[in-house]
Amino acid sequence: MSWRRAGPVATTVGGSGADGQATAGGASSPAMVDGFGRRIEYLRISVTDKCNLRCVYCMPEEGLPWLRRDDILTYEEIAEIVGVMARMGLRRLRLTGGEPLVRKDLTRLVALLSAVPGIEDIALSTNAVLLARQAHALRDAGVSRVNISLDSLRPERADAIARRPGTLAKVLEGLDAAYAVGFEPIKINVVLMRGQNDDEVPAFAELSRDRPLHVRFIEVMPTESNLELSASNFLSCEEALEAVRAVDELAPVAGPPGNGPATYYAFPGALGTIGVITPMSHNFCSRCNRMRLTADGHLRPCLFGEMQTPLRDALRRGDDLVPLVAETLRIKPEKHLLVQGSAIGSGGLVALSQTGG
Ligand code: SAM
Ligand code: SF4
(Lines give C-alpha, C1' and ligand atoms only; values in the text may rest on other atoms or scores of the structure.)
(Ligands and ions follow the chains in the order given, each with its own letter.)
Protein backbone atom coordinates (compact mmCIF):
# COMPACT_ATOMS: atom_id res chain seq x y z
CA MET A 1 0.00 0.00 0.00
CA SER A 2 1.16 3.54 -0.69
CA TRP A 3 1.57 5.52 2.51
CA ARG A 4 1.83 8.92 0.88
CA ARG A 5 -0.84 11.49 1.69
CA ALA A 6 -0.83 14.92 0.08
CA GLY A 7 1.26 17.71 1.61
CA PRO A 8 3.48 17.82 4.70
CA VAL A 9 1.62 17.65 8.00
CA ALA A 10 4.39 19.31 9.97
CA THR A 11 3.87 23.04 10.38
CA THR A 12 5.89 25.56 12.30
CA VAL A 13 5.19 26.01 16.01
CA GLY A 14 2.44 28.50 16.75
CA GLY A 15 -0.21 27.18 14.36
CA SER A 16 -2.46 25.65 16.98
CA GLY A 17 -3.39 25.87 20.63
CA ALA A 18 -1.07 25.58 23.61
CA ASP A 19 1.08 22.40 23.55
CA GLY A 20 0.24 21.93 19.90
CA GLN A 21 -3.25 20.61 20.43
CA ALA A 22 -6.27 21.48 18.37
CA THR A 23 -8.53 23.87 20.15
CA ALA A 24 -11.79 22.06 20.74
CA GLY A 25 -14.95 23.76 19.70
CA GLY A 26 -17.85 24.30 22.08
CA ALA A 27 -18.03 26.17 25.35
CA SER A 28 -16.06 24.83 28.27
CA SER A 29 -17.71 24.80 31.63
CA PRO A 30 -15.97 26.37 34.61
CA ALA A 31 -16.98 23.17 36.42
CA MET A 32 -14.15 21.33 34.65
CA VAL A 33 -11.34 23.51 35.98
CA ASP A 34 -9.12 22.09 38.72
CA GLY A 35 -7.67 23.73 41.81
CA PHE A 36 -4.65 24.97 39.82
CA GLY A 37 -6.74 26.59 37.09
CA ARG A 38 -6.16 23.81 34.54
CA ARG A 39 -9.06 23.09 32.19
CA ILE A 40 -9.83 19.36 32.24
CA GLU A 41 -11.77 18.48 29.10
CA TYR A 42 -10.15 15.15 28.32
CA LEU A 43 -10.87 11.72 29.83
CA ARG A 44 -8.86 8.54 29.26
CA ILE A 45 -11.13 5.54 29.72
CA SER A 46 -9.60 2.16 30.49
CA VAL A 47 -12.13 -0.36 29.18
CA THR A 48 -10.28 -3.43 30.46
CA ASP A 49 -7.27 -4.26 32.62
CA LYS A 50 -6.49 -7.33 30.47
CA CYS A 51 -4.04 -7.47 27.58
CA ASN A 52 -2.95 -9.87 24.86
CA LEU A 53 0.70 -8.73 25.22
CA ARG A 54 3.07 -8.52 28.19
CA CYS A 55 5.33 -5.58 27.35
CA VAL A 56 8.41 -5.76 29.57
CA TYR A 57 8.01 -2.19 30.90
CA CYS A 58 4.25 -2.48 31.49
CA MET A 59 2.97 -5.83 32.68
CA PRO A 60 4.54 -8.77 34.54
CA GLU A 61 4.94 -11.89 32.40
CA GLU A 62 2.45 -13.84 34.53
CA GLY A 63 -0.14 -11.09 34.17
CA LEU A 64 -1.91 -9.42 37.07
CA PRO A 65 -4.78 -10.37 39.36
CA TRP A 66 -7.51 -9.44 36.84
CA LEU A 67 -10.64 -7.58 37.87
CA ARG A 68 -13.82 -9.64 38.23
CA ARG A 69 -16.36 -9.26 35.45
CA ASP A 70 -19.00 -7.76 37.78
CA ASP A 71 -16.51 -5.16 38.97
CA ILE A 72 -15.97 -3.80 35.49
CA LEU A 73 -18.18 -1.00 34.23
CA THR A 74 -20.63 -2.01 31.52
CA TYR A 75 -20.62 0.02 28.30
CA GLU A 76 -23.88 1.66 29.36
CA GLU A 77 -22.33 2.65 32.71
CA ILE A 78 -19.27 4.16 30.99
CA ALA A 79 -21.56 6.15 28.69
CA GLU A 80 -23.59 7.36 31.68
CA ILE A 81 -20.48 8.61 33.50
CA VAL A 82 -19.29 10.32 30.32
CA GLY A 83 -22.74 11.91 29.97
CA VAL A 84 -22.51 13.41 33.47
CA MET A 85 -18.99 14.71 32.83
CA ALA A 86 -19.91 16.04 29.36
CA ARG A 87 -22.63 18.15 30.99
CA MET A 88 -19.85 19.55 33.22
CA GLY A 89 -17.60 20.38 30.22
CA LEU A 90 -15.85 17.14 29.16
CA ARG A 91 -15.19 17.19 25.39
CA ARG A 92 -12.64 14.57 24.35
CA LEU A 93 -12.15 10.87 25.07
CA ARG A 94 -9.49 8.22 24.58
CA LEU A 95 -10.21 4.51 24.93
CA THR A 96 -7.29 2.59 26.39
CA GLY A 97 -6.55 -0.29 28.76
CA GLY A 98 -5.03 -2.92 29.12
CA GLU A 99 -5.67 -3.57 25.48
CA PRO A 100 -9.04 -2.05 24.55
CA LEU A 101 -9.49 -4.29 21.50
CA VAL A 102 -9.59 -7.47 23.62
CA ARG A 103 -12.88 -6.33 25.14
CA LYS A 104 -15.81 -7.74 23.18
CA ASP A 105 -17.64 -5.44 20.77
CA LEU A 106 -15.79 -2.24 21.53
CA THR A 107 -17.54 -0.68 18.54
CA ARG A 108 -20.78 -0.72 20.55
CA LEU A 109 -19.17 1.43 23.25
CA VAL A 110 -17.82 3.84 20.63
CA ALA A 111 -21.32 4.23 19.19
CA LEU A 112 -22.77 4.93 22.66
CA LEU A 113 -20.06 7.52 23.39
CA SER A 114 -20.43 9.19 19.99
CA ALA A 115 -24.08 9.83 20.85
CA VAL A 116 -23.28 11.67 24.10
CA PRO A 117 -24.03 15.40 23.56
CA GLY A 118 -20.89 17.51 23.95
CA ILE A 119 -18.36 14.78 23.05
CA GLU A 120 -16.36 16.04 20.07
CA ASP A 121 -13.52 13.57 19.70
CA ILE A 122 -12.93 9.88 20.40
CA ALA A 123 -9.42 8.42 20.07
CA LEU A 124 -8.00 4.95 20.69
CA SER A 125 -4.71 3.72 22.18
CA THR A 126 -3.92 0.18 21.07
CA ASN A 127 -1.13 -2.29 20.47
CA ALA A 128 -2.87 -2.82 17.06
CA VAL A 129 -2.53 -6.63 17.17
CA LEU A 130 -6.32 -6.93 16.70
CA LEU A 131 -6.84 -3.68 14.80
CA ALA A 132 -6.90 -4.90 11.18
CA ARG A 133 -10.22 -6.70 11.67
CA GLN A 134 -11.89 -3.91 13.66
CA ALA A 135 -10.51 -0.71 12.12
CA HIS A 136 -13.34 -0.08 9.68
CA ALA A 137 -16.17 -0.60 12.18
CA LEU A 138 -14.42 1.50 14.80
CA ARG A 139 -13.94 4.36 12.35
CA ASP A 140 -17.59 4.16 11.27
CA ALA A 141 -18.74 4.16 14.90
CA GLY A 142 -16.80 7.35 15.68
CA VAL A 143 -13.12 6.74 16.46
CA SER A 144 -11.23 9.43 14.56
CA ARG A 145 -7.60 8.71 15.40
CA VAL A 146 -5.33 6.10 16.90
CA ASN A 147 -2.11 5.81 18.87
CA ILE A 148 -0.29 2.56 18.22
CA SER A 149 2.37 1.15 20.56
CA LEU A 150 5.40 -0.34 18.86
CA ASP A 151 8.82 -0.64 20.49
CA SER A 152 10.94 -2.33 17.83
CA LEU A 153 10.96 -2.68 14.05
CA ARG A 154 12.85 -5.99 14.26
CA PRO A 155 10.57 -9.05 14.50
CA GLU A 156 12.45 -11.01 17.19
CA ARG A 157 12.96 -7.94 19.32
CA ALA A 158 9.38 -6.74 19.05
CA ASP A 159 8.22 -10.21 20.06
CA ALA A 160 10.70 -10.32 22.97
CA ILE A 161 9.65 -6.91 24.28
CA ALA A 162 5.94 -7.81 23.96
CA ARG A 163 6.67 -11.37 25.17
CA ARG A 164 4.37 -12.74 22.46
CA PRO A 165 5.36 -14.35 19.13
CA GLY A 166 4.28 -12.80 15.83
CA THR A 167 3.71 -9.38 17.37
CA LEU A 168 5.45 -7.18 14.80
CA ALA A 169 3.69 -8.69 11.77
CA LYS A 170 0.27 -8.21 13.37
CA VAL A 171 1.02 -4.65 14.50
CA LEU A 172 2.17 -3.68 11.00
CA GLU A 173 -1.01 -5.19 9.57
CA GLY A 174 -2.99 -3.09 12.08
CA LEU A 175 -1.01 0.01 11.15
CA ASP A 176 -1.74 -0.49 7.44
CA ALA A 177 -5.44 -0.94 8.23
CA ALA A 178 -5.42 2.24 10.34
CA TYR A 179 -4.07 4.15 7.37
CA ALA A 180 -6.42 2.49 4.89
CA VAL A 181 -9.58 3.41 6.82
CA GLY A 182 -8.38 7.00 7.24
CA PHE A 183 -7.62 7.42 10.95
CA GLU A 184 -5.82 10.73 11.23
CA PRO A 185 -3.48 11.45 12.82
CA ILE A 186 -1.81 8.08 13.41
CA LYS A 187 0.76 8.24 16.18
CA ILE A 188 3.30 5.53 17.02
CA ASN A 189 4.36 5.35 20.66
CA VAL A 190 7.85 4.00 21.31
CA VAL A 191 8.94 3.45 24.92
CA LEU A 192 12.69 4.12 25.08
CA MET A 193 14.85 1.41 26.65
CA ARG A 194 18.62 1.56 26.68
CA GLY A 195 20.10 -1.72 25.43
CA GLN A 196 16.74 -2.86 24.02
CA ASN A 197 15.69 -0.39 21.33
CA ASP A 198 17.98 2.66 21.65
CA ASP A 199 19.82 1.68 18.44
CA GLU A 200 16.50 1.83 16.54
CA VAL A 201 15.72 5.46 17.35
CA PRO A 202 16.92 6.75 13.93
CA ALA A 203 14.98 4.00 12.09
CA PHE A 204 11.77 4.93 13.95
CA ALA A 205 12.37 8.62 13.18
CA GLU A 206 12.78 7.78 9.48
CA LEU A 207 9.20 6.42 9.42
CA SER A 208 8.00 10.03 9.68
CA ARG A 209 9.87 11.23 6.60
CA ASP A 210 7.69 10.00 3.75
CA ARG A 211 4.63 8.77 5.65
CA PRO A 212 2.12 10.91 7.56
CA LEU A 213 3.14 9.17 10.78
CA HIS A 214 3.87 10.82 14.10
CA VAL A 215 6.50 8.84 15.98
CA ARG A 216 6.65 9.65 19.68
CA PHE A 217 9.46 8.60 21.98
CA ILE A 218 8.36 8.10 25.60
CA GLU A 219 10.58 7.95 28.68
CA VAL A 220 9.86 4.82 30.68
CA MET A 221 8.07 5.51 33.97
CA PRO A 222 8.67 3.42 37.09
CA THR A 223 5.95 1.17 38.46
CA GLU A 224 6.24 -1.55 41.07
CA SER A 225 6.67 -4.24 38.40
CA ASN A 226 9.42 -2.57 36.34
CA LEU A 227 11.75 -0.97 38.87
CA GLU A 228 14.92 -2.61 37.64
CA LEU A 229 14.21 -1.92 33.98
CA SER A 230 13.12 1.66 34.56
CA ALA A 231 16.34 2.34 36.49
CA SER A 232 19.00 0.48 34.48
CA ASN A 233 17.51 0.82 31.00
CA PHE A 234 16.32 4.41 31.28
CA LEU A 235 17.03 6.53 28.20
CA SER A 236 16.05 10.19 28.13
CA CYS A 237 14.27 11.77 25.17
CA GLU A 238 17.13 14.25 24.96
CA GLU A 239 19.50 11.38 24.12
CA ALA A 240 17.01 10.02 21.58
CA LEU A 241 16.77 13.45 19.91
CA GLU A 242 20.57 13.64 19.74
CA ALA A 243 20.59 10.33 17.87
CA VAL A 244 17.96 11.67 15.44
CA ARG A 245 19.84 14.95 14.92
CA ALA A 246 22.92 12.94 13.97
CA VAL A 247 20.93 11.73 10.94
CA ASP A 248 19.41 15.03 9.78
CA GLU A 249 18.34 18.48 10.84
CA LEU A 250 15.23 18.74 13.06
CA ALA A 251 12.97 21.78 13.33
CA PRO A 252 10.43 22.33 16.11
CA VAL A 253 6.86 22.08 14.78
CA ALA A 254 3.36 22.33 16.17
CA GLY A 255 2.72 18.64 15.57
CA PRO A 256 -0.55 16.87 14.90
CA PRO A 257 -3.79 17.62 16.73
CA GLY A 258 -4.15 15.80 20.02
CA ASN A 259 -4.48 16.16 23.75
CA GLY A 260 -1.08 15.01 24.85
CA PRO A 261 2.04 16.42 26.43
CA ALA A 262 4.40 15.73 23.49
CA THR A 263 6.81 18.27 22.02
CA TYR A 264 7.22 17.85 18.26
CA TYR A 265 9.98 18.17 15.66
CA ALA A 266 10.26 17.27 11.98
CA PHE A 267 12.85 16.52 9.31
CA PRO A 268 12.89 19.06 6.45
CA GLY A 269 9.92 18.42 4.13
CA ALA A 270 8.75 15.40 6.12
CA LEU A 271 5.13 14.24 5.94
CA GLY A 272 5.11 13.21 9.60
CA THR A 273 6.69 14.40 12.85
CA ILE A 274 8.83 13.15 15.71
CA GLY A 275 7.53 13.76 19.22
CA VAL A 276 9.02 13.38 22.67
CA ILE A 277 7.12 12.70 25.89
CA THR A 278 9.28 13.42 28.92
CA PRO A 279 7.50 12.51 32.15
CA MET A 280 10.82 11.90 33.91
CA SER A 281 13.33 14.45 32.57
CA HIS A 282 10.94 17.40 32.11
CA ASN A 283 7.79 17.36 34.15
CA PHE A 284 4.87 18.69 32.06
CA CYS A 285 2.15 18.47 34.71
CA SER A 286 1.49 22.23 34.63
CA ARG A 287 -0.17 21.61 31.23
CA CYS A 288 -2.16 18.55 32.38
CA ASN A 289 -5.63 18.49 30.84
CA ARG A 290 -6.93 15.05 31.78
CA MET A 291 -8.48 12.64 34.22
CA ARG A 292 -8.70 8.87 34.01
CA LEU A 293 -11.51 6.37 34.49
CA THR A 294 -10.36 2.87 35.42
CA ALA A 295 -12.11 -0.26 34.14
CA ASP A 296 -13.70 -0.76 37.58
CA GLY A 297 -15.02 2.79 37.75
CA HIS A 298 -12.49 4.78 39.74
CA LEU A 299 -12.03 8.36 38.59
CA ARG A 300 -8.33 9.22 38.95
CA PRO A 301 -7.12 12.81 38.87
CA CYS A 302 -3.52 11.72 38.14
CA LEU A 303 -1.90 8.67 36.49
CA PHE A 304 0.15 8.14 39.64
CA GLY A 305 -0.56 8.51 43.34
CA GLU A 306 -3.24 7.03 45.52
CA MET A 307 -6.00 9.54 44.82
CA GLN A 308 -9.09 8.13 43.18
CA THR A 309 -12.86 8.41 43.58
CA PRO A 310 -15.01 5.28 43.28
CA LEU A 311 -17.92 6.09 40.97
CA ARG A 312 -19.25 2.62 40.12
CA ASP A 313 -21.20 1.82 43.27
CA ALA A 314 -22.57 5.37 43.50
CA LEU A 315 -23.74 5.07 39.92
CA ARG A 316 -25.35 1.67 40.60
CA ARG A 317 -27.16 3.16 43.62
CA GLY A 318 -28.45 6.02 41.46
CA ASP A 319 -26.53 8.72 43.37
CA ASP A 320 -25.71 12.08 41.81
CA LEU A 321 -22.16 11.82 40.40
CA VAL A 322 -21.60 15.55 39.91
CA PRO A 323 -20.28 16.21 43.46
CA LEU A 324 -17.93 13.20 43.17
CA VAL A 325 -16.50 14.43 39.87
CA ALA A 326 -16.17 17.97 41.28
CA GLU A 327 -14.33 16.66 44.35
CA THR A 328 -11.93 14.63 42.18
CA LEU A 329 -11.12 17.79 40.23
CA ARG A 330 -10.59 19.67 43.46
CA ILE A 331 -8.04 17.16 44.76
CA LYS A 332 -6.12 16.86 41.45
CA PRO A 333 -2.47 17.22 42.47
CA GLU A 334 -0.23 19.90 41.01
CA LYS A 335 2.23 17.28 39.69
CA HIS A 336 3.27 13.66 39.92
CA LEU A 337 6.03 12.76 42.36
CA LEU A 338 7.77 10.00 40.41
CA VAL A 339 11.40 9.28 41.10
CA GLN A 340 13.46 7.39 38.53
CA GLY A 341 13.98 3.75 39.56
CA SER A 342 11.82 4.04 42.66
CA ALA A 343 8.29 3.04 43.63
CA ILE A 344 8.00 6.31 45.56
CA GLY A 345 5.34 8.48 43.98
CA SER A 346 3.74 5.67 41.96
CA GLY A 347 1.15 5.26 44.70
CA GLY A 348 1.45 1.48 44.67
CA LEU A 349 0.73 1.23 40.94
CA VAL A 350 1.98 -2.14 39.70
CA ALA A 351 1.48 -1.47 35.97
CA LEU A 352 0.24 1.35 33.78
CA SER A 353 -2.24 -1.11 32.27
CA GLN A 354 -4.19 -0.75 35.54
CA THR A 355 -4.92 2.92 34.96
CA GLY A 356 -4.78 3.18 31.17
CA GLY A 357 -1.34 4.73 30.77
N1 SAM B 1 -2.50 -1.50 25.22
C2 SAM B 1 -2.55 -0.19 24.66
C3 SAM B 1 -1.20 0.24 24.14
O4 SAM B 1 -0.21 -0.41 24.45
O5 SAM B 1 -1.15 1.25 23.42
C6 SAM B 1 -3.09 0.86 25.62
C7 SAM B 1 -2.64 0.82 27.06
S8 SAM B 1 -0.92 1.18 27.34
C9 SAM B 1 -0.86 1.10 29.12
C10 SAM B 1 -0.85 2.92 26.98
C11 SAM B 1 0.54 3.48 26.73
O12 SAM B 1 1.30 3.40 27.93
C13 SAM B 1 1.35 2.72 25.66
O14 SAM B 1 1.85 3.65 24.72
C15 SAM B 1 2.50 2.11 26.44
O16 SAM B 1 3.65 2.01 25.66
C17 SAM B 1 2.64 3.09 27.58
N18 SAM B 1 3.28 2.56 28.78
C19 SAM B 1 2.96 1.45 29.49
N20 SAM B 1 3.77 1.30 30.56
C21 SAM B 1 4.65 2.35 30.51
C22 SAM B 1 5.72 2.77 31.35
N23 SAM B 1 6.05 2.09 32.45
N24 SAM B 1 6.38 3.90 31.01
C25 SAM B 1 6.05 4.61 29.91
N26 SAM B 1 5.03 4.27 29.09
C27 SAM B 1 4.34 3.15 29.39
FE1 SF4 C 1 -0.55 -4.42 26.98
FE2 SF4 C 1 -0.31 -1.87 26.21
FE3 SF4 C 1 0.74 -2.71 28.53
FE4 SF4 C 1 1.84 -3.53 26.27
S5 SF4 C 1 1.72 -1.40 26.99
S6 SF4 C 1 1.32 -4.83 28.06
S7 SF4 C 1 0.11 -3.67 24.94
S8 SF4 C 1 -1.39 -2.62 28.05
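**From a loop to the helices and the sheet**

Modeller: Ala 128 is placed in the loop between E3 and helix H3 (131–141), where helices (H or I, at least four residues) and strands (E, at least two) are DSSP runs, numbered from the N terminus. The model is a predicted one, in which local features need pLDDT of at least 70 and side-chain atom pairs count only at pLDDT 80 or more, while totals for chains, interfaces and linings use all residues. Residues are numbered from 1 along each chain as its sequence is written, chains are lettered from A and ligands numbered from 1 in the order in which they are written, and side-chain values use heavy atoms, with hydrogens and water left out. In Ala 128, phi is near 70 degrees, which is a positive value in a residue other than glycine.

We may follow H3 to its neighbour H2. The axes of H2 and H3 come within 8 Å and cross at roughly 15 degrees; axes are lines fitted to C-alpha atoms, for helices over the stretch in contact, and angles run from 0 to 180 degrees between N-to-C directions. H2 and H3 are therefore roughly parallel to each other, given that angles under 35 degrees count as roughly parallel, over 145 as roughly antiparallel, 65 to 115 as roughly perpendicular and the rest as oblique. H2 passes H3 in a right-handed crossing; the crossing is right-handed if the near helix is turned clockwise from the far one by less than a right angle, and left-handed if anticlockwise. On the H2 side, the contact (heavy atoms within 4.5 Å) is made by Leu 106, Thr 107, Val 110, Ala 111 and Ser 114, and on the H3 side by Ala 137, Leu 138 and Ala 141. These residues comprise 6 nonpolar, 2 polar and no charged ones, where Ala, Val, Leu, Ile, Met, Phe, Trp, Tyr, Cys and Pro count as nonpolar, Asp, Glu, Lys and Arg as charged, and the others, Gly among them, as polar.

H2 (residues 106–114) also approaches H1: their axes come within 9 Å and cross at roughly 25 degrees. H1 and H2 are therefore roughly parallel to each other, and H1 passes H2 in a right-handed crossing. Tyr 75, Glu 76, Ile 78, Ala 79 and Val 82 of H1 touch Leu 106, Arg 108, Leu 109, Leu 112 and Leu 113 of H2. This contact of H1 with H2 has 8 nonpolar, no polar and 2 charged residues.

H1 (residues 75–88) has a further partner in H10 (residues 322–330), with axes that come within 10 Å and cross at roughly 65 degrees. H1 and H10 are therefore roughly perpendicular to each other, and the crossing of H1 past H10 is right-handed. Here Val 84, Met 85 and Met 88 of H1 meet Val 322, Val 325 and Ala 326 of H10. The contact of H1 with H10 consists of 6 nonpolar, no polar and no charged residues.

Let us now turn to the sheet. Strand E3 (residues 121–126) runs parallel to strand E2 (residues 92–96), and 4 bridges join them; two strands pair if DSSP finds at least two bridges between them. The loop between H5 and E5 holds Pro 185, and a cis peptide bond joins Glu 184 and Pro 185, with omega about 0 degrees.

The whole sheet is open and has 12 strands in the order E7-E8-E9-E6-E5-E4-E3-E2-E1-E10-E11-E12, with mixed pairing. Its edge strands are E7 (251–253) and E12 (309–310), each of which pairs on one side only.
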